[in-house]
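Hi,

Here is the structure I promised to send over. Have a look at it first, and then read on for what turned up.

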Amino acid sequence: MTDDRSPLLRVTDLHKHFPVKQGLLIERTVDEVKAVDGVSFEIQEGETLGLVGESGSGKSTTGYCILQLIKPTSGSVCFAGEELTGLDREQMRKMRRELQIVFQDPYASLDPRMTVGDIVGEPLVVHGLGSRRSRRESVRQLLDVVGFNPSFTNRYPHEFSGGQRQRIGIARALALNPKLIVCDEPVSALDVSIQAQILNLLKDLQRDFGLTYLFIAHDLAVVRAMSDRIAVMNRGKLVELGPAEEVYTQPQDDYTKALLSAVPVPDPRRMKERKAERRRLQHALADTVAT
C-alpha cells in the first residue's frame, strides 16, 4: 500500500539493547544483547503491517518499544505527528488511549481475580471515561462486537476457552477506541480452527472501525492473510520489507526464503522440495539473540 499522506506511525532507527551483567557482589556490564538494532518502517492509517520472524528475532520487543512499555535505547517513534520517546509518564498515559495491544497469551494476560466486565471496563475506569452505568453499557456493546455473550460479564476468565479469552482481550483493546493496535502473536496460542475465527474478527473490526494494525507473528501464512505489507526481522534487524504478496511469492533475502520453506503445504512433492530448500538455506537461520 503506497500513500502520499503522512504515516500514522513512523519508526526510525529504533534500538533496544539489554545489558549482560556478571558478578555476585559487584555487578558489571560485560556485553549487551541488541534485541532491536536499527529498525525503521512506516504504517499508514488503516493499514496492516505484518512483522514476522522466528522466536527471538526481536519483533515483540519492537512492538513494546513502540508502545513505550519498554523504553528504547535510541531512535524515534513518531505517532500521529508526535514523538513518543520524549513523553513523560502522564503524557504517555494520555497517548495510550490511541495505542493499544492484544497480547499473545490469553491465559496470562487476563487477571484471574477480575470479572469479564471489570477487565473490559478497566481502561474506561483508568482514563475516567463515563459514569458507572455508561461504562457497564459500553462493556456489553464491546463484548457483543467481538462475538462474546454480553450476559457473561460477571464470570471469570478461567470459565472460558482460549478463543473466548482472546475475544475478551480484543474487547479490552477496543474500549478506548484506539487508532493503532499492536497484535502480538494474537493467535499463536490457539487451536487452528479458532485462529481463523480470531483473524476474521480482527479483519472485520479493522473494516468497521478503521483500525491500523502492527501484526506480529512467526507464521508467514498467517501474516500473509492479514497484512498489506510484510516486514521480516532477523537478529534485531529488518532484512526485508515489501507488499505481502511480493514478499511471500518472490522473497529476496535468504532468511525470508528459509522461513517460507518451513511453511507446510498439502503437496508431498512440494513439501519435499521445501525441505531441500530449507537445508540449503540453513546458514540464514542463525541463532537469534533477542526475545
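The side chains of E47 and R229 form a salt bridge, with N and O 2.6 Å apart; the term covers a side-chain nitrogen of Lys or Arg within 4 Å of a carboxyl oxygen of Asp or Glu. E47 sits in the loop between β2 and β3 (48-52) and R229 in strand β9 (residues 229-234), so this pair ties together parts that are 182 residues apart in sequence. Helices here are DSSP runs of H or I with at least four residues, strands are runs of E with at least two, and both are numbered from the N terminus. Both E47 and R229 are buried. For burial I used relative accessible area: under 20% is buried, over 50% is exposed, and partly exposed is in between (1.4 Å probe, protein chains only).

Before going further, please keep in mind that this is a predicted model: local features need pLDDT of at least 70, side-chain atom pairs count only at pLDDT 80 or more, and totals for chains, interfaces and linings use all residues. Residues are numbered from 1 along each chain as its sequence is written, and side-chain values use heavy atoms, with hydrogens and water left out.

Back to the charged pairs. The count of salt bridges comes to nine. One of them joins K59 and E185, whose closest N and O atoms are 3.6 Å apart. K59 belongs to helix α1 (residues 59-66) and E185 to the loop between β7 (180-184) and α6, so the two tie together parts that are 126 residues apart in sequence. K59 counts as buried because its relative accessibility is 4%, and E185 counts as buried at 7%. Salt bridges that share partners also join D204, R207 and D208 into one network.

R10 and E42 meet in a salt bridge too, at 2.9 Å from N to O. R10 lies in strand β1 and E42 in strand β2, so this pair ties together parts that are 32 residues apart in sequence. R10 is partly exposed, with a relative accessible area of 34%, and E42 is partly exposed at 33%.

Strand β2 also holds A35, which is buried at 1% relative accessibility. A35 and H17 are 18 residues apart in sequence, and their C-alpha atoms are 5.8 Å apart in space.

Where is L24? L24 is in the loop between β1 (9-22) and β2 (28-43). With 87% relative accessibility, L24 counts as exposed. Together with L25 and I26, L24 makes a nonpolar surface patch of about 490 Å². Patches take residues with over 30% relative accessible area and no salt bridge, joining like charges within 9 Å and nonpolar side chains (Val, Leu, Ile, Met, Phe, Trp, Tyr) within 5 Å.

At what angle do α5 and α6 pack? Helix α5 (residues 162-174) and helix α6 (residues 192-209) pack at about 15°, and their axes are 10 Å apart. Axes are lines fitted to C-alpha atoms, for helices over the stretch in contact, and angles run from 0 to 180 degrees between N-to-C directions.

Finally, I101 is in strand β6 (residues 99-102) and counts as buried at 11% relative accessibility. The C-alpha atoms of I101 and I194 are 20 Å apart, for a separation of 93 residues along the chain.

Best wishes

Conventions. Accessible areas come from the Shrake-Rupley method with a 1.4 Å probe; for residues, only the protein chains shown count as cover.
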